[in-house]
Structures are given as C-alpha cells and as structure tokens.
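My entries follow in the order of looking.

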Amino acid sequence: MNSKFLIDEQTKKDIQLTSTLGNSVFDFFNNTVTEGGDRLLKDLFFSPTTNLEEIKARQIKIKRLLPFTDFSFKFDKLILKDLERFWASRANIPSFFSSINIFRISSPEYFYTKRSIIETVDVLYNFHDFLGMVLEKERSNDIEEFYDISCSCLRKIFKTGSFKKDLLKINLYNIDKYDYIIREELSDQLNYILGFLYEIDACLAIARVAKSRAFCFPTVVEKGQTGEVKMVGLYNLFHRSPIANDISLSQNKKIWFLTGANMAGKSSIIKSISIALYLAHIGLPVPALSMQTDVIDGLFTSINLDDNIDLGYSHFFNEAIRLKEIIDLLPKDSNALIILDELFKGTNNEDASQAIFEVVKYFIKIDGPFTIISSHIAELSERLEPLDNIKCMRLNIDKDSEGMPLFTYKISEGVSHEKLGMWLLEKSGVFNSFNGLLKQSKEISI
C-alpha cells in the first residue's frame, strides 16, 4: 500500500514550507543544536505520510520529550562533527614502541587523539544521563536500548563496572589502548548512539515549540473513518497576534466557497488550514487547541502563481493549467484537500463567475476531495448555494462607531458582500498624492 502523502512543489511554495529568507514553517520548528539533528529534522519535515501507525509513532517520540524542553542539551555541534570524523578513521594498533616514544607527547596527533578520547567519554556521559532522566518519566524500548548501549561502551572504555569520570587518566602508556577501544572495538556502537542522539535533538526541538506555543497533537484516524477535518482554535503561526478560528470540513459539505473583502484574511485562513494538515501528516503538533482528522491523501494549492512569460501564458490560462495539474495528480477516490485562492482572478468578473461555476460542478461530481475556493465575487454564491455539497463561508468585517470597517479575521457561515476597494484607496493616501501632484502642476503653470 502506497503511504506517500501527495504534495507538489507549487504547494510547498504557497504555504511557505521553506524559504530563503528564514521565514518558513521549517525554520519555525528548527532550533536543533547539532548538524545531525538539523539533517534529521529536514528528513522528517519533508516526509509526510498517510501511514497512520507511522504518524502515531512520530507523535510518541516527540511527546515523551515534552517534560525535558527546559533541559540544556549538552552537546556541541562542532565537537560531534569532529567526533564523527574521528570515529570513522582507523586507530593505530597499540604497540610497545609507541608507548615508550616520549617525543610524541608534544605532537599534534597525540593532542588530537587525547582530546577526542575525552570528548567521546563526555558525550557518552551526557547521553547516558539524559536517557536516565527520560526513563525516570517513561519506559520505552528504544530509550532503554540506548541507555544500555551507552553503559556498555563506558564500561568497555574504563575496563570496569564503575565508570566515574575522574577515573579516566590518559597518558603516554595507555592512550593507544583507549584509542583502539573507541575507534576499532566501539566504532559501530558509537555511530549507532550518535544517530539516536541526533533523533533526540530533532524531536526535542519540535517538543520545545509545542510546549512554548501550546500547540496540540492532532488525533488522526484512518482514511474515511469520519469523513471530517475539525480544528478548534486554529491560528496562523506567522502572525504576532493571531486570531483563532474553528474549522470544520466534512464530506457532506466538501466544497467551501469562501468570500471576504480585501485584507479580510482569506489567504491567511487557508494557509493556516493547509499548514495544520501538512504538519498532522508529519506527526508534528499544530497551532490549535485541538484537531481531529482522517488521514487524507494529500494537499494541493493554487495561491501564489507566477506569470509564465516564457510560454506566453496569460494569468488566466496559467490558473487553468495549474488546476489541470492538480486534477491530474489526484488518485481515484481521493480525499485530498484542494485550495484555490481567488480562482480565475486573471479575467473579468462575469467570465470568472462562469468558469468557477463550471469547475465547482465537476468537483461535486468527483468523489472525495475537500475543496476550498476563495473569491471576492460574492454574487456567485446565489448560483452555488442551491448545489449539493456547497458550504458558503465568509471572513467577517464589523464597523466601529463611525461606520469604519473593523477586520475581525473570524470565519463563519455566510457570504461577504462588503466592498472596501474605495476605502482602501483612501486609506492608502493615493488620492492625497494625486491632489498634491495637481497642486504642484498648477503652481508651476502660474
């Protein structure tokens, strides 16, 4: 059974999974300490899955570290990177002649080897202590396994059941034996430990975000079990003062027609929904009070399309091509989420209305996909509402005591008929600029 979660590059770009400017969903979670932790977090972040057991297993690995988010992760990324190279190289076989060569004690090689042995023991100690703290809170097979392996490695190095740090006395006569034990006898175990240490670093980074921001871990069930996606208190993780919203998608009303004036928050809410569903299928926590969802096949968006000048496409035709790409990627009986932001804005209202209406009729006929179409063409709702499976949603705008618009950024059922174009033009100051330019022109002419 294919467990691949479907998503394409345009969607990843639309919902800011990555960014060269450092303002991305990945960067939001990435406070790893080590380079290996960073690599593993990337691997996890870009491996969404529809395998329910895998999603649950990832959640468990993160949840068990929540009590330790204030713990100082005592591992230096440069030291670990250096130790990776040290453990990968071959050790010299201890010999009588090397142990009596008193001149090598001043060599760079002797200093590097001694320092690497000490750092190896420090890493094992810190790793062993951390796992011991975790085991006091929760027993788990992999934690116990690596706790035992770290014990075994320390005993092997110290050649005794006791491995107190102050017993490590490295000198000219025993350095080769320590070196040989670490780089030859324990090489596989140490690299095995390092891999798990990096996993802990990645999961701990996620746990810190979950705890500090009060994110929730979604309840995820098998595909088709409920036919619903529900989110309580969902918010946009990029906003400084986000407004929470409750979201409910259902196969009974699988198509949303979302209206709202400019700046009402349509793009923000659809990106929030998309990001939450993506995170849920990685096994990560989401910015909400609670979330329940069936496993969905994938996520496709059309939000920030670039004009295709090279092929000579108009913006409207580019939107049509994007929609075709999405439909062609859908498997049979898919329950993927499709989000089309301001669909067909590349043409006039009459043309766009007819095009959206025809597209919606096809979405009604095909089985499965949840679809959210946002638009400023509120009048189209009168044609859409009588159709099956349509739910009209709006971003609310209130008015203050002087009749000026107040953006609530709250979503509710209904249709938004507010027209704020002229008000936004006034607010921008463009008319003041025009009047200033006209005044200057008159003064010059006089």
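**Rings, charges and phi**

I began with charges over rings: Arg-383 lies over the face of Phe-357, 3.9 Å from the ring centre. The criterion I used is NZ of Lys or CZ of Arg within 6 Å of the ring centre and within 35 degrees of the ring normal.

I noted the provenance next: this is a predicted model, in which local features need pLDDT of at least 70, side-chain atom pairs count only at pLDDT 80 or more, and totals for chains, interfaces and linings use all residues. Residues are numbered from 1 along each chain as its sequence is written, and side-chain values use heavy atoms, with hydrogens and water left out.

I then looked up how many aromatic pairs the structure holds. The number is 18. Rings of Phe, Tyr and Trp (its six-membered ring) pair if their centres lie within 6.5 Å; planes under 30 degrees apart count as stacked, over 60 as edge-to-face, and the rest as tilted.

I looked at Phe-26 and Phe-45: the ring centres are 5.5 Å apart and the planes stand at 70°, so I logged the pair as edge-to-face. This pair links distant parts of the chain, 19 residues apart, with Phe-26 in helix H2 (residues 25–29) and Phe-45 in helix H3 (residues 35–45). Helices (H or I, at least four residues) and strands (E, at least two) are DSSP runs, numbered from the N terminus. Phe-26 is buried at 6% relative accessibility, and Phe-45 is buried at 1%. For these labels, buried is under 20% relative accessible area, exposed over 50%, and partly exposed in between (1.4 Å probe, protein chains only).

I checked Phe-127 and Phe-196 as well: with centres 6.3 Å apart and planes at 90°, this pair is edge-to-face. Phe-127 is buried at 2%, and Phe-196 is buried at 5%.

I also traced a cluster in which ring pairs link Phe-5, Phe-26, Phe-45, Phe-46 and Tyr-278.

Last, I looked up positive phi outside glycine. Ala-214 has a phi of about 55°; this residue is in the loop between H10 and strand E1 (219–221) and is exposed at 56%. Phe-344 has a phi near 60°; this residue is in the loop between strand E7 (337–340) and helix H13 (349–365) and is buried at 4%.
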